[in-house]
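Hi,

Here's the structure I said I'd pass along. Have a look first, and then read on for what turned up in it.

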Amino acid sequence: MIHRRWLVTGGLGFIGSAFVRMMLRERPDVAIAVLDAVTYAGNPANVSEVAHDPRYSFVKGDIADADRVDEAIGQGVDAIVNFAAETHVDRSILDPEAFIRTDVMGTHVLLEAVRRHKIQRYLQVSTDEVYGDVELGASAEGDPIRPRSPYAASKAGGDLQVLAYHTTFEAPVLVTRGSNTYGPYQYPEKLIPLFITNLLEGEQVPVYGDGLQVRDWLHVDDHARGIAHVLEHGVPGEVYNLGGGNSRTNIEITRELLRLTARSYEGSVRHVTDRQGHDRRYAIDSSKAQALGWAPRVPFANGLAETVAWYRDREDWWRPIKSGEFREYYRRQYALR
Ligand code: TYD
């Protein structure tokens, strides 16, 4: 029996599609409408297992297009969960404008829709990258945000609009800031899926600089569960950090992936020119979300091994991606390094 209808923007992307698949699997009371622009990273194959579910519907469109947003809202929705975003730091260095358009302007258009349609809940999926480089300790939700890449600055711009709509218009909004996420269906531009697929193809992996940068890894299912939890139990106007609790240097991740794919360091790793403005370390304190009743469940070693196994099994998913638009991007991104 359907009680709720949620609009999931960016539902064909990595984290959005994990959320859609999980909710349709675990929540018989929820119907989901997806609005997705189907950019390079939005892939209908990510939801093929649920696309025929009568509780699933789809509108193709950009969140910055108010008419498409209204069409997707249709007769009304109880909540909007905004996963739609440009998300890759390296692409934001090549083309910042797309990030401002989607992550800032798109968020603004959705917030206006929340007001116009009197939507009861809006959750903005954000990132720990808005806190910027954290030398020591862990960022809490009240800490100042100091974004340092065009991507992080665009996400921060979105977060600030969301929170301002709460203060000014009493919009019932929530923000989650997740840490680096990994798992099945992640577009192979990001560290973990890029390295796994390169290693499976017998290619080298490009480690930026000394590889001693630190990220905190969160399994995509834990991330999706955290978002659902905050959506239903969070306090409007509040921000919730969702961290995996798995801090690793990039070199540690690389060594683990080499082990899981039976490849050697010498034959496979290429240290390349560092990313411009590269943040050395991200770390967040998730005690606020934990006090709300969420905790990550997937042990990192299991999650990583299962992710490698998934990419091994699902060449049908990633091979077409790596031979398409991705090739030109990879050339632009890595040729000069
Ligand atoms: P990434 O997956 O792009 O996530 P983010 O930049 O949002 O943290 O990168 C994770 C880390 O891996 C980051 O420190 C950059 C590094 N990295 C490499 O060393 N080589 C690569 O080819 C990529 C894509 C990332």
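This is a predicted model: local features need pLDDT of at least 70, side-chain atom pairs count only at pLDDT 80 or more; totals for chains, interfaces and linings use all residues.

On to the ligand itself. It has 19 residues around it, and the closest are Glu129, Pro206, Arg215, Arg275 and Tyr334.

- Pro206 has a polar backbone atom 2.7 Å from a nitrogen atom of the ligand.
- Tyr208 puts a backbone N or O atom 2.9 Å from an oxygen atom of the ligand.
- His278 uses its side chain, with an N or O atom 2.7 Å from an oxygen atom of the ligand.

How much of the ligand does the protein bury? Taken alone, the ligand exposes 510 Å², and 98% of that is buried by the protein. As for secondary structure, helix H6 (191-200) and strand S8 (205-208) are the elements that supply two or more residues to the shell.

Then there are the aromatics, with 16 pairs in the structure. Take Tyr40 and Tyr187: their ring centres are 4.9 Å apart and the planes sit at 80°, so this pair is edge-to-face. Tyr40 is in the loop between strand S2 (30-36) and strand S3 (56-60), while Tyr187 is in the loop between strand S7 (180-182) and H6, so the pair ties together parts 147 residues apart in sequence. Tyr40 is partly exposed, at a relative accessible area of 23%, whereas Tyr187 is buried, at 8%.

Tyr185 and Trp317 make another edge-to-face pair, because their planes are at 85°, with the ring centres 5.8 Å apart. This pair also links distant parts of the chain: Tyr185 comes from the loop between S7 and H6, and Trp317 from helix H12 (residues 315-323), 132 residues away. Both Tyr185 and Trp317 are buried.

One last thing to colour in your viewer: Tyr40, Tyr187, Tyr208, Phe326, Tyr329, Tyr330 and Tyr334 form one aromatic cluster.

Cheers

Methods:
Residues are numbered from 1 along each chain as its sequence is written. Side-chain values use heavy atoms; hydrogens and water are left out. A residue is near a molecule or strand if one of its heavy atoms lies within 4 Å of it. A polar contact is a pair of N or O atoms within 3.5 Å; within protein, one must be able to donate a hydrogen and the other to accept it, and residues adjacent in sequence count only if both atoms are side-chain atoms. Accessible areas come from the Shrake-Rupley method with a 1.4 Å probe; for residues, only the protein chains shown count as cover. Helices (H or I, at least four residues) and strands (E, at least two) are DSSP runs, numbered from the N terminus. Rings of Phe, Tyr and Trp (its six-membered ring) pair if their centres lie within 6.5 Å; planes under 30 degrees apart count as stacked, over 60 as edge-to-face and the rest as tilted. Buried means under 20% relative accessible area, exposed over 50%, partly exposed in between (1.4 Å probe, protein chains only).
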